[in-house]
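Please walk me through this protein model, going from single residues to the way its parts pack together. Plain paragraphs will do.

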Amino acid sequence: MLLSKLAIVDSTLREGEQFFKSNFSTSDKIEIARGLDQFGVEYIEVTSPRASPQSYQDCQKLVQLGLQAKVVTHIRCHLEDAKIALDTGVDGINLFMSTSQILRQFGHRKSIEEIIDIATEVITFIHQKNPQAELRFSTEDSFRSSLSDLLRVYLAINKLGIVNRFGIADTVGIATPHQVYQLIQNMRQCFCEDIEFHAHNDTGCAIANSFTAFEAGATHIDTTVLGIGERNGITPLAGLIARLYTLDPETLNHKYYLPYLHKLNQLVAEKIELSIPFNHCIVGEAAFYHKAGVHTKAMLNNSRTYEAINPTDFDLNRSILINHKLTGKNSIAHRAIQLGLNLDNFQIQAITQTIKNLAERQKMTLENVDEILLSSQKNISLIDN
């Protein structure tokens, strides 16, 4: 699968609305949609317009923004939901229906045969009303559904010749990368249509599973900014970008406006009134900090030694920490040069040990380190005079 062919379906304004801290206003949605469009995602998925009168109005307003990204909505496989979705003028409609035994028993209570009949009716109706609308049909809870049931549904719908792509959803986040690869491969062997993958992060596998789906032949991957969504959310946009970057940074730079990624995450973090997690891929505060002496020595020689991702591609900076007990002489020497100081190797070693000893007993700042370096240079100058 070529990275240039991959499409991101960002669901911050659908799945992200289901996050327990989310309560987006209309203006919030417009601002986020424009931000997603500026970054360059191919699809923006929004809440079903049948969810509420405000959802309907917001959906219409987002469609009317004239974005480069396609605006699609995620609806139940219900005729009434489809009618309302069509009225909004969205570019595409993403339908879903549960196929696992547990959700069929305790959810819609439909058999596989009934699911096929309902899906056929709704999909045919949408296509007759708007043949240009993109159609995706997803089986909810795919990984707790039997393969035979999934294929029965997909094969029956595929015969209609209407659906643009099929969706696979790890709805409760239980799939392993191996299971994802196998299922996508099975799908790819049966269909030439596009395949969309939706991964929840309940067990921490969302990024790995999404990348594996792409490797196996998926063409569309669902994300949200910061990974927000039901429970632990889904694949975070920055996480997917990080994983893809290591595969082909040049293509990724052409597909998406990478320098905007941090601002986009900051925007959504502000809207949900939460901080970006310190360890979030690329945009987290700790992403490009280097501390251990062995690491910093190598980094000063070649940044690729301990960075698989170049922060400058994202308009971010790396930081070499020197105000701690793990600091090394190479980092201290580098800082001395930055300050315009002329210190020999013996002096650098002595200063490094001083900093280490002080850091064992107290919290050190960069300013403290600079004071020690400047003071050492001043003392040397006095002795020389």
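In which loop does I282 lie? The model is a predicted one, and in it I282 sits in the loop between α11 (261-271) and β9 (289-290). Its backbone stands out: I282 is not a glycine, yet it has a positive phi of about 65°. Most residues other than glycine have a negative phi. Is I282 buried or exposed? Its relative accessibility is 4%, and because the cut-off for buried is under 20%, I282 counts as buried.

With a relative accessible area of 57%, D315 is exposed, whereas I282 is buried.

The loop between α12 and β10 also holds D313. D313 has a relative accessibility of 21% and therefore counts as partly exposed, since that class lies between the 20% limit for buried and the 50% limit for exposed. Which residues does D313 touch, once its neighbours within four places in sequence are left aside? They are Y245, N253, L258 and P259. The C-alpha atom of D313 is separated by 9.9 Å from that of E250, and the two residues are 63 places apart along the chain.

Now for the protein as a whole. It has 385 residues, of which 49% count as buried, and its secondary structure amounts to 15 helices and 10 strands. The C-alpha trace spans about 95 × 40 × 35 Å along the principal axes. Taking the contacts with a separation of 6 or more, 71% are between residues 24 or more positions apart.

In soluble globular proteins, nonpolar side chains tend to be buried together. The largest nonpolar core here has 89 residues, and the members that touch the most others are F39, L95, I241 and I282. Helix α5 (residues 112-129) supplies the largest share of the core, with eight residues. What does L95 touch, not counting residues up to four places away in sequence? Its partners are I75, R76, C77, V122, I123, I126, L135, R136, F137 and S138. A separate core of 13 residues lies apart from the largest one, and its members include I322, I332, L343 and V369.

R165 belongs to strand β6 (residues 165-170). Although arginine is classed as charged, R165 has a relative accessibility of 1% and so counts as buried. Beyond four places in sequence, R165 is in contact with Y43, N94, E134, L135, R136, F137, E193, D194, I195, E196 and H220. Among these, L135, R136 and F137 are also touched by L95. Between the C-alpha atoms of R165 and Q349 there are 63 Å, with 184 residues separating the two along the chain.

Q347 is part of helix α14 (residues 345-361). Its relative accessible area is 19%, which means that Q347 is buried, as the limit is 20%. The C-alpha atoms of Q347 and S376 are separated by 8.3 Å, and these residues are 29 apart along the chain.

Two helix pairs complete the tour. Helix α7 (residues 177-190) packs against helix α8 (residues 206-216) at an angle of about 30°, and the axes are 8 Å apart. That angle makes α7 roughly parallel to α8, because angles under 35 degrees are placed in that class. The crossing of α7 past α8 is right-handed. On the α7 side the contact is made by P177, V180, Y181, I184, Q185 and R188, and on the α8 side by A208, N209, T212, A213, E215 and A216. By class, this contact has seven nonpolar, three polar and two charged residues.

The other pair is helix α1 (residues 26-39) and helix α2 (residues 53-63), which pack at an angle of about 35° with axes 10 Å apart. The crossing of α1 and α2 is right-handed. T26, K29, I30 and A33 of α1 meet Q54, D58, K61 and L62 of α2. The residues of this contact divide into three nonpolar, two polar and three charged.

Terms used:
Residues are numbered from 1 along each chain as its sequence is written. This is a predicted model: local features need pLDDT of at least 70, side-chain atom pairs count only at pLDDT 80 or more; totals for chains, interfaces and linings use all residues. Side-chain values use heavy atoms; hydrogens and water are left out. Axes are lines fitted to C-alpha atoms, for helices over the stretch in contact, and angles run from 0 to 180 degrees between N-to-C directions. Helices (H or I, at least four residues) and strands (E, at least two) are DSSP runs, numbered from the N terminus. Angles under 35 degrees count as roughly parallel, over 145 as roughly antiparallel, 65 to 115 as roughly perpendicular and the rest as oblique. A crossing is left-handed if the near helix is turned anticlockwise from the far one by less than a right angle, and right-handed if clockwise. Contact means heavy atoms within 4.5 Å. A nonpolar core is a set of buried Ala, Val, Leu, Ile, Met, Phe, Trp, Tyr and Cys residues joined through side-chain atoms within 4.5 Å. Buried means under 20% relative accessible area, exposed over 50%, partly exposed in between (1.4 Å probe, protein chains only).
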